[in-house]
Amino acid sequence: MEKACLRVRREEAERARELLGQAGLLDRSFEPSRSGDFVLFPLAKEPSASEMAELRRNLSYAEIIVAEVREREPRRPPSLKELLTRSLPPGLAERAPRAFDVVGDIAIVEVPPELWPHRRAVGEAIMAIHKRVRLVLAKGGPVAGTFRVRELVPIAGSGPTETTHREHGCTFRLDVACVYFSPRLSYEHARVASQAREGEILVDMFAGIGPFSILAAKRAPGLLAYAIDINPVAVHYLALNVRANKVLGRVVPVLADAKKAVRSALRGVADRVVMNLPERAHEFLGAACEALRPEGGVVHFYTFASAPRPEEEAISVLRSGVEEAGRELKRVLAVRRVREVAPYRWQVVVDALIA
């Protein structure tokens, strides 16, 4: 495109750049260009008479012309691999993690065994890429146990493992060392919440700190959600997040085993059930069916499934559990691979209408 530019002699280009920057005249979204012995600087606005006089006092030659200019390419931040190439022994940077999670101002990364002696360099490189990260934690093992937490090892930065994460206009307080939360499920939180309807009752069987229930209640203000979790720390943060997101009375935190909670107080009340416990959700299908109204409702069932047909496998597991509970899988509303968790193995979600 054509734009007004200041033309200066090449040997005075740096001085001209400095003067234009100080005066707020330089348009940094466009590239300067060369024209013979001259350099052309794109202008953000036309200089006033006094500004032009100041430029000419400091430069031997300065003229305004209209010239073809090119938009500046946005700068791509260096990748983790590129940064580690500068600090690690040759070849080791090839093993740099391809991805890591950022929860609030904390990064969580899986460090390959061969990079473990250099884990601090990995952590510092992550902090160089993400300026708002104040603490980097390395995964010390898999998610395990009744409370679905994993060991986390500090490798860079400082401060507590408590943080605040923001997602889809909601604020979630949590301690990453004590509760389960995955920012990789952000799309799922929004996808399920978008299906919630006014007047529904939702039972969130493994609610954690509340991302499914709270977002659903925000999207459908007339909805009532019972958010169940067996981890007392998760339910503590769930209660804080209910207040912070102004859904008090519409999301009810329940500290209990999901089966016991349904059978003691939530039998036959739900229009919709969320089952985000992929490693064990199939064990709770009987309770999920009990939670649904007698006329039926929708189940969002998360599980792990493998190649060659993970979607079919997930539907088959759901169908078997529903039929064993004496109900019918009337229709599959949607099925999708959420994320790959190992080679040829995925987390899969099935949305199904149960009669």
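**Briefing: salt bridges, cores and backbone features**

Arg-15 and Glu-18 are three residues apart in helix 1 (residues 13-23), so about one helical turn separates them. Their side chains meet in a salt bridge, with an N to O distance of 3.6 Å. The model is a predicted one, and a search of the whole structure finds 22 salt bridges. The largest nonpolar core has 39 residues, and another core, of 34 residues, lies apart from it.

**Salt bridges**

- Asp-101 and Arg-184 form a salt bridge through their side chains, at 2.6 Å from N to O.
- Asp-101 belongs to strand 7 (residues 101-103) and Arg-184 to the loop between strand 12 and helix 5, so this pair ties together parts that are 83 residues apart in sequence.
- Asp-101 counts as buried because its relative accessibility is 12%, under the 20% limit; Arg-184 is partly exposed, with a relative accessible area of 41%.
- Glu-311 and Arg-337 form a salt bridge in which the closest N and O atoms are 2.7 Å apart.
- That pair links distant parts of the chain, with Glu-311 in helix 10 (residues 310-324) and Arg-337 in strand 18 (residues 329-342), 26 residues apart.
- Both of its members are partly exposed: Arg-337 has a relative accessible area of 35%, and Glu-311 has a relative accessibility of 22%.
- A network of salt bridges links Glu-188, Arg-191, Arg-336 and Asp-351.

**Nonpolar cores**

- Within the core of 39 residues, those with the most contacts are Leu-174, Val-176, Ile-209, Ile-214, Leu-223, Val-251 and Tyr-302.
- At least two residues of this core come from each of strand 8 (106-109), strand 9 (135-139), strand 12 (170-175), helix 5 (186-195), helix 6 (211-219), strand 14 (224-229) and helix 7 (232-244).
- Helix 6 gives the most to this core, supplying five residues.
- Val-251 is in contact with Ser-213, Ile-214, Ala-217, Ala-225, Ala-227 and Val-242, when its neighbours within four places in sequence are left aside.
- The separate core of 34 residues includes Phe-206, Ala-288, Trp-346 and Ala-352.
- In soluble globular proteins, nonpolar side chains tend to be buried together.

**Packing of helix 5 and helix 6**

- The axes of helix 5 and helix 6 come within 8 Å and cross at roughly 45°, which makes helix 5 oblique to helix 6.
- The crossing of helix 5 past helix 6 is right-handed.
- On the helix 5 side, the contact is made by Glu-188, His-189, Ala-190, Val-192, Ala-193 and Ser-194.
- On the helix 6 side, Pro-211, Phe-212, Leu-215, Ala-216 and Arg-219 make the contact.

**Backbone features**

- The peptide bond from Ala-307 to Pro-308 is cis, with omega near 10°; Pro-308 lies in the loop between strand 17 (297-306) and helix 10.
- Lys-246 is not a glycine, yet its phi is positive, near 60°.
- Lys-246 sits in the loop between helix 7 and strand 15 (251-255) and is exposed, with a relative accessible area of 68%.
- Tyr-344, also not a glycine, has a positive phi of about 65°.
- Tyr-344 is in the loop between strand 18 and strand 19 (345-354), and counts as exposed because its relative accessible area is 61%, over the 50% limit.

Terms used: Residues are numbered from 1 along each chain as its sequence is written. This is a predicted model: local features need pLDDT of at least 70, side-chain atom pairs count only at pLDDT 80 or more; totals for chains, interfaces and linings use all residues. Side-chain values use heavy atoms; hydrogens and water are left out. A nonpolar core is a set of buried Ala, Val, Leu, Ile, Met, Phe, Trp, Tyr and Cys residues joined through side-chain atoms within 4.5 Å. Buried means under 20% relative accessible area, exposed over 50%, partly exposed in between (1.4 Å probe, protein chains only). Helices (H or I, at least four residues) and strands (E, at least two) are DSSP runs, numbered from the N terminus. Contact means heavy atoms within 4.5 Å. A salt bridge is a side-chain nitrogen of Lys or Arg within 4 Å of a carboxyl oxygen of Asp or Glu. Axes are lines fitted to C-alpha atoms, for helices over the stretch in contact, and angles run from 0 to 180 degrees between N-to-C directions. Angles under 35 degrees count as roughly parallel, over 145 as roughly antiparallel, 65 to 115 as roughly perpendicular and the rest as oblique. A crossing is left-handed if the near helix is turned anticlockwise from the far one by less than a right angle, and right-handed if clockwise.
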